[in-house]
Amino acid sequence: MLEGSDILEWERRRKYLWALTVREATTAALLLAYGVGIACRVVRSHFVVWTIFALFFAFNFGRRVLARRGIFSKTYQVTTLVLDVAMISLVVYFTGGVSSLLIPIYFIQVFATAILAGRRLAMLMALLSSLALCLLGWG
C-alpha cells in the first residue's frame, strides 16, 4: 500500500505526464497550423521552422523518458517552460512575427500550464510569453 508521500509523488508524476501530453498535442496543432498556412500560401516554408519542430518533439520525448523515471524538479520545470516559450517564439518569428497566425499557441501553453502545473508556473509562463510577444513586436 502506498504511503502519503508516495501518493503525492505519484500524483505529481501523473500530472507532469499529462502536461507533456498537452505540450505534444499543442506542438502537433502548431505543426498542423503551419502546414495549413503553407498550403494556403499564407506563410512560406522554412527549414529552420521544421528543424525547431523536430527539436521540440525530441525535447518532449526526452522529458517524457525522464518523467517516467521520476527525474524532475522545480528547476527542471522552469527550464522546460523557458525552452517552450523560446521555441514557440522562434516559430512565431519565422512565420511572420506579430502578424503570425500561430500566436494563439502562447495562450494554449499558458492555459495548459495553469491547469496542470499550478498557478505560480502559469504566471511565469504568462510573463515569459508576454515578454516574448513584446520583443517580437519591438524587433
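How many aromatic pairs does the structure hold? The structure holds 1 aromatic pair, where rings of Phe, Tyr and Trp (its six-membered ring) pair if their centres lie within 6.5 Å. The ring centres of Tyr93 and Phe94 are 5.2 Å apart and their planes stand at 80 degrees, so this pair is edge-to-face; planes under 30 degrees apart count as stacked, over 60 as edge-to-face and the rest as tilted.

The model is predicted, with local features requiring pLDDT of at least 70, side-chain atom pairs counting only at pLDDT 80 or more, and totals for chains, interfaces and linings using all residues. Residues are numbered from 1 along each chain as its sequence is written, and side-chain values use heavy atoms, with hydrogens and water left out.

**Confidence.** The chain has a mean pLDDT (the predictor's confidence in each residue, from 0 to 100) of 78, and 91% of its residues reach 70 or more. Confidence is lowest in helix H1 (residues 4–39), with a mean of 74, and highest in helix H5 (residues 119–138), at 88. Helices (H or I, at least four residues) are DSSP runs numbered from the N terminus.

**Helices H3 and H4.** The axes of H3 and H4 lie 10 Å apart, and the two helices pack at an angle of about 165 degrees. Axes are lines fitted to C-alpha atoms, for helices over the stretch in contact, and angles run from 0 to 180 degrees between N-to-C directions. H3 and H4 are therefore roughly antiparallel (angles over 145 degrees). Their crossing is right-handed, meaning that the near helix is turned clockwise from the far one by less than a right angle. On the H3 side, Leu81, Asp84, Val85, Ile88, Ser89 and Val92 meet Ile105, Tyr106, Gln109 and Thr113 of H4.

**Individual residues.** Gln109 is located in helix H4. Leaving aside neighbours within four places in sequence, Gln109 is in contact (heavy atoms within 4.5 Å) with Arg23, Thr26, Asp84, Ile88 and Met125. Ser100 lies in the loop between helix H3 (74–94) and helix H4 (104–116). With neighbours within four places in sequence again left aside, Ser100 contacts Val92 and Thr95. Ser100 and Tyr34 are 66 residues apart in sequence, while their C-alpha atoms are 9.9 Å apart in space.

The table gives accessibility; buried means under 20% relative accessible area, exposed over 50%, and partly exposed in between (1.4 Å probe, protein chains only).

| Residue | Relative accessible area | Class |
|---|---|---|
| Gln109 | 2% | buried |
| Ser100 | 8% | buried |
| Phe94 | 28% | partly exposed |
| Tyr93 | 52% | exposed |

Terms used. Parallel < 35°, antiparallel > 145°, perpendicular 65-115°, else oblique.
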